[in-house]
Amino acid sequence: MFLIMLRRDLQIFLTALLLSFACANPAFAHAHLVSSAPAANDMAMPAPTELRLQFSEGIELKFAKVTLAGSNKKAVATGVVKLDPHDDKLLIVPLAAPLEDGKYTVDWEVVSTDGHKTKGEYSFESMN
């Protein structure tokens with residue numbers, strides 16, 4: 001009798017544990033950079049006219065921040081960051097002027113539609 005009760009209690013515990021992980025999983029979701037154009041560590045030829053950052057989930061545009069800096073750490077002028085009209089996971093950053101040859105670093109900071117904030121950076125090289 002004792003073993004039957006112990007087995008039943010163990011089944012209840014394991015079921016509750018599995019349910020808690022299943023319910024908690026969305027709470028750990030964050031928007032991560034999935035891909036970019038130019039891609040990280042890529043040689044962009046010809047020089048890009050915009051940056052395209054694809055994330056793993058929808059982005060709140062009003063909280064999105066993307067900066068571009070050259071190898072001298074000097075900021076490069078960009079246009080207004082916007083979302084692709086057909087994909088709320090894709091940020092588009094137009095460049096104000098053609099890029100000169102050199103290495104560039106992209107810093108990004110976003111808040112996903114579920115409210116989680118993430119940030120990161122990557123580099124690429126531009127060549128005309």
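1. In what follows, strands are DSSP runs of E covering at least two residues, numbered from the N terminus, and two strands count as paired if DSSP finds at least two bridges between them. The model under discussion is predicted.

2. The β4–β5 hairpin. Strand β5 spans residues 75-76 and pairs with β4 in the antiparallel sense over 2 bridges; A69 has A75 as its bridge partner in β5. The two strands form a hairpin with 4 residues between them, and K73 in the turn has a positive phi of about 70 degrees.

3. The β4–β8 pairing. Strand β4 (residues 65-70) also pairs with β8 (residues 102-111), again antiparallel, over 6 bridges. Within this pairing, K65 has E109 as its bridge partner, and T67 stands opposite D107.

4. The sheet. These strands belong to an open sheet of 5 strands, ordered β2-β9-β8-β4-β5, in which the pairing is mixed. Because β2 (43-44) and β5 each have a single partner strand, they stand at the edges, and one side of each is left without a neighbour in the sheet.

5. The nonpolar core. The largest nonpolar core holds 21 residues, of which L51, L53, V66, L91 and F124 touch the most other members. Two or more residues each come from β3 (50-55), β4, β7 (87-94), β8 and β9 (117-126). The largest share, 4 residues, is that of β8.

6. Surroundings of L91. Leaving aside residues up to four places away in sequence, L91 touches L51, R52, L53, F55, I59, L61, A64, V66, V81, K82, L83 and V110.

Definitions and conventions. Residues numbered from 1 in each chain as written. Predicted model: local features only at pLDDT ≥ 70, side-chain atom pairs only at ≥ 80, totals over all residues. Heavy atoms only, no water. Core = buried A, V, L, I, M, F, W, Y, C linked by side-chain atoms within 4.5 Å. Buried < 20%, exposed > 50% of the residue type's maximum accessible area, 1.4 Å probe, protein only. Contact = heavy atoms within 4.5 Å.
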